[in-house]
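Here is a protein model to work through by question and answer. Keep the sequence and coordinates open.

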Amino acid sequence: MFDFLFQNKKGDLVSYTDSITVNIKKLEVAKMAIEKAVGMIAHAIAKSEFIVNRKGKREKDHIYWLLNIRPNPNETATDFWIEAIRRLLLDEECVICYVGNHLYIADSFTVNNSVMVPETYSNVTIISNDNTIKLQRGFTSNEIIHLRSRNKKIIGFLEKVLNIYNSTISAMCAAKKISSIPRYTLDVEGSMPVIHTKDKEGKPKVVTIDQYKSDIKKLLESDEIEVLTNSSGLKVSQLQAQANVSSEDIVKLANEIMVECAFAFDIPKAVFLGEITEKADSTNEFITYAVGWIVELLNDSLNAKLVGEEDYLKGEMIWIDMSKYKHVDIIESAANLDKLRSIGFNFDEVREMAGWECLNTEFSQQRVITKNYTNDLGGEKSGKENADN
C-alpha cells in the first residue's frame, strides 16, 4: 500500500490522507464546539429577565414587553436574544434597531464611523424570522443599539478554525491532483536485465525493463482492450492511498479542541464538558466570566438608548436579572429564602426570586427584620440592651 507524503512547515513528512482526515475531524469538532459555546452563552441571556425599574420599583410596561416577551410582531424574545448574542460572538458585533416601537436585528448596514459626533447608519436591512427588508431611512447612533464584543480570544480561535479549513482545502486539492494520475509499481524478481514477452502478433521478443515499462504505460493509456504478457517473476500493481488515523487519536483531538474552545469563550472547562461535581461552583463561574461581560454590555447599551441620561440619573434603569437562569429548588432553598425574609426582603420579593408570581397584598409587601441589625423596623434588641432597659 502507498501513502502520498508532503513536507510540512517543520520539515516532517506528513501523509496527505492523514492530514485531510485529521483536519476534517478538526473542522467538525471545532464547529460543534463553537456552536455549543455560543449556544450556552446565548441561552443564558435569553433565559434571564430584563428588569425595568421606574420610580424605585419594578415596572412591566411596553419596554419590559419588548425585552422579555415580544420585541417585534414576528419574533419571541427568546429567539431574538439568542440570535443577537450569536451575532455578537461570531460576527463581533450586533446592531439592534428601534423601529415603530419594536426591536429588530440589523442584517446589514453601513456606518460612517464618526468620532466627535454621533455615528450615522444607512442602507440598513433588518431581519425577523429569516425574513429581511431594507429600510429607506437612516439612523443616528442614538437610535441604534450597537453591541461590540472585541473579544480577541474568540476572534483568534475562529481564525485558527479558518486556517484549518484552508489547510484542509489545500491538502484535498493536492491529494486530488496526485490521485487523478494513476500510479503503478512493477515488481521484478531478482536482477532480471531483460524481459521475455511477445509482440502483438504473438511472436517471442526480448525487451529491457525500461522498454517494458513504456509498453505498460501505452497499454494503460490506450482506449482499446489489450493484453500484455508477463514473464514469471513480474507483477504490476496499482498504488493506493491509505490513512492511519485511529479513533483514539480523534477522541484525543476532539477533547483538545473542546478545551481550547471553552478557554476562548471564558467558559469553565467543567461546565463546557459536563464535568460538574457537587463541590464545584462552576455555574457561578460561567455566569461571572463567560456571560457577565455581555450582561454589562447589554445593561449599558439598553440604559443609554432606551432610558437616557436624564431618566437614568433620576434612578430609572434597565438591568438583567441572571437569577432566573439558575434553577431554584424551592424545597432545598427554603432555609436561605427564610433568611432573606428575616433581613428585610418582603414576601413578594422572595416569591419572585423563587420564580413565583407576586401576591401584591399589604401583607406580602411588608418588611420584617427579625435580627437585631436595626430597631427602626421592629427588630429585636440585643440581650444587653434589654437588660439595660
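Q: In which helix is the place of R87?
A: This is a predicted model. The residue R87 falls within the run 77-90. That run is helix α3.

Q: Is R87 buried or exposed?
A: The relative accessible area of R87 is 14%. Buried means under 20%. Therefore R87 counts as buried.

Q: Which residues is R87 in contact with, leaving aside its neighbours within four places in sequence?
A: Neighbours within four places in sequence are left aside here. What remains for R87 is E92, E93, C94, I105, A106, D107 and I127.

Q: Is M116 buried or exposed?
A: M116 sits in the loop between β6 (102-111) and β7 (120-128). With V115 and V117, M116 makes a nonpolar surface patch of about 400 Å². The relative accessible area of M116 is 80%, and the cut-off for exposed is over 50%. So M116 is exposed.

Q: Which residues is F286 in contact with, neighbours within four places in sequence aside?
A: F286 is among the core residues with the most contacts. Leaving aside neighbours within four places in sequence, its contacts are M40, I41, A44, I267, P268, V271, V291 and Y325.

Q: Where does helix α8 bend?
A: Helix α8 covers residues 282-307. Its bend is about 60°. The bend is at V291.

How values were computed:
Residues are numbered from 1 along each chain as its sequence is written. This is a predicted model: local features need pLDDT of at least 70, side-chain atom pairs count only at pLDDT 80 or more; totals for chains, interfaces and linings use all residues. Side-chain values use heavy atoms; hydrogens and water are left out. A nonpolar core is a set of buried Ala, Val, Leu, Ile, Met, Phe, Trp, Tyr and Cys residues joined through side-chain atoms within 4.5 Å. Buried means under 20% relative accessible area, exposed over 50%, partly exposed in between (1.4 Å probe, protein chains only). Contact means heavy atoms within 4.5 Å. The bend at a residue is the angle between axes fitted to the seven residues ending there and the seven starting there. Helices (H or I, at least four residues) and strands (E, at least two) are DSSP runs, numbered from the N terminus. Patches are made of residues with over 30% relative accessible area and no salt bridge: like charges are joined within 9 Å, nonpolar side chains (Val, Leu, Ile, Met, Phe, Trp, Tyr) within 5 Å. Accessible areas come from the Shrake-Rupley method with a 1.4 Å probe; for residues, only the protein chains shown count as cover. A salt bridge is a side-chain nitrogen of Lys or Arg within 4 Å of a carboxyl oxygen of Asp or Glu.
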